[in-house]
Amino acid sequence: MLKATQAGLDRILTLELVRVTERAAVAAARLRGRGDEKAADQVAVDAMRSELNRLPIKGTVVIGEGERDEAPMLYIGEEVGVGEGPEVDIALDPLEGTTICAKNLPNSLAVIAIAERGSLLYAPDVYMEKIAVGPGYPDGVVDLDAPAVENIEALARAKGVPVNEITACILDRPRHARLIEDVRGTGAAIRLIGDGDVAGVIHTTDPDETGIDIYLGIGGAPEGALAAAALRCIGGQMQGRLQLNTEEKIARAAKMGISDPNKVYRMDEMAKGDVLFAATGVTDGNLLSGVKFGRDQISTHTIVMRSSSQTVREIIARHQDLDKF
């Protein structure tokens with residue numbers, strides 16, 4: 001039986017997570033480019049939930065599709081698994097980048113992270129302000145409370161390059177107009193993305209390949225926790241602050257044990273202990289290839305990581321038993 005030990009989660013769970021994201025990615029990929037975000041998201045949710053409920057775990061969704069009154073399945077607080085085995089927290093996004101998938105654009109993923117109970121950020125489904133960089137820099141090289149100009153300049157100094165060789169990844173949203181102006185004012189470049197900020201954060205871990213040095217801006221809190229889980233495994237720095245800007249949001253957060261609405265969370269506060277992370281490509285992207293449908297097989301590309309061993313594996317799978325999907 002799978003178990004949690006003093007050394008952390010049983011490593012067998014690593015491969016089990018791959019099956020979960022593969023199933024969700026294949027379901028969503030069947031609806032790529034069809035313009036129906038809700039349908040693509042729903043089939044991914046159904047597939048991921050079905051596969052999760054096969055796992056010998058006592059799992060609780062702490063980051064999911066929304067709160068119970070908003071999401072019929074994989075809602076925050078939902079229990080998944082067969083009810084036997086290790087007690088784990090689960091953060092998930094069955095279809096990260098629903099718009100991306102609907103338009104068949106790059107970097108749509110099926111994503112999940114698990115950790116021992118009490119190890120993942122338990123927060124309402126709100127926005128989060130984020131900043132992230134990859135590995136190899138001194139601790140505190142960037143700070144969420146510092147102006148964007150200072151962060152860009154500090155990162156350039158730490159990297160040993162001129163500011164104009166730094167590229168920031170930012171979600172293309174009206175709320176980021178001032179941020180974009182400030183970053184461009186430094187001479188740095190910007191990679192604007194329409195959606196998919198889990199991939200955006202992970203891209204900072206390999207700037208030579210992706211061309212992205214830093215992630216800045218406001219996106220979803222679920223994606224923030226998932227990105228933090230990935231960085232715990234692969235290396236980097238990240239800070240986040242929940243956007244609890246109404247009394248209703250503050251009250252919702254308080255019910256989840258969040259007493260300070262202005263708290264800046266470090267990466268190891270959003271995802272601590274032994275963390276497993278898996279993502280399967282739905283559409284082609286810088287990080288992963290999308291699902292490929294052949295006449296006699298389906299191909300998937302997954303990255304799976306574990307924080308305790310700092311192991312990163314890429315799994316390219318050919319599925320010949322098409323009935324399982």
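This is a predicted model: local features need pLDDT of at least 70, side-chain atom pairs count only at pLDDT 80 or more; totals for chains, interfaces and linings use all residues.
Two strands are taken to pair if DSSP finds at least two bridges between them. The link between β11 and β12 (residues 265-266) consists of two bridges, and the two strands run antiparallel.

On its other link, β11 meets strand β7 (residues 127-133), again in antiparallel fashion, through six bridges. Here V133 stands opposite Q237 of β11. Strand β11 itself spans residues 237-242, and six of its six residues are buried. In a regular strand, the side chains alternate between the two faces of the sheet. Both faces of β11 are covered: one side carries Q237, Q239 and R241, the other M238, G240 and L242, and all of these are buried.

These pairings belong to a wider arrangement. Six strands make up an open sheet with mixed pairing, in the order β9-β8-β10-β7-β11-β12. The edges are taken by β9 (189-193) and β12, each of which has a single partner strand, so one side of each is left without a neighbour in the sheet.

The pocket comes next. The largest one has a volume of about 440 Å³. Its lining is made of 22 residues, and those nearest the centre are D93, D125, D195, G220 and E223. Three elements, β5 (87-96), β10 (214-220) and α8 (221-234), each supply at least two residues of this lining. The largest share comes from β5, with four residues.

Turning to the helices, α1 covers residues 12-29, which makes 18 residues. From first C-alpha to last, α1 reaches 27 Å, close to the 26 Å expected at 1.5 Å a residue. An α-helix has 3.6 residues a turn, so residues three or four places apart point the same way. In α1, 15 of the 18 residues are buried, and the helix is thus described as mostly covered.

I114 is located in strand β6 (residues 109-116). Its relative accessibility is 2%, and because buried means under 20%, I114 counts as buried. Beyond four places in sequence, I114 is in contact with L9, L13, L17, D89, I90, L120, D274, V275 and L276. The C-alpha atoms of I114 and V61 are 9.2 Å apart, while the two residues are 53 residues apart in sequence.

The second residue, A317, has its place in strand β16 (residues 311-319). At 14% relative accessibility, A317 also counts as buried. Leaving out residues up to four places away in sequence, A317 touches E22, I298, S299 and T300. T300 is 17 residues from A317 in sequence, and their C-alpha atoms are 5.3 Å apart in space.

The protein averages a pLDDT of 93, and 97% of the residues score at least 70. Residues 1-7 are a stretch to read with this in mind: pLDDT stays under 50 there. For these residues, the model has 20 contacts beyond four places in sequence.

Note on methods. Residues are numbered from 1 along each chain as its sequence is written. Side-chain values use heavy atoms; hydrogens and water are left out. pLDDT is the predictor's confidence in each residue, from 0 to 100. Contact means heavy atoms within 4.5 Å. The expected span of a helix is 1.5 Å times one less than its number of residues. Buried means under 20% relative accessible area, exposed over 50%, partly exposed in between (1.4 Å probe, protein chains only). On a 1 Å grid over the protein atoms alone, a cavity is a set of points where a 1.4 Å probe fits but cannot get out, and a pocket is an open set with protein on both sides within 12 Å along at least five of seven lines; lining residues have an atom within 4 Å of a point. Grid points are joined across faces, edges and corners, and a volume is the space filled by probe spheres set on the points.
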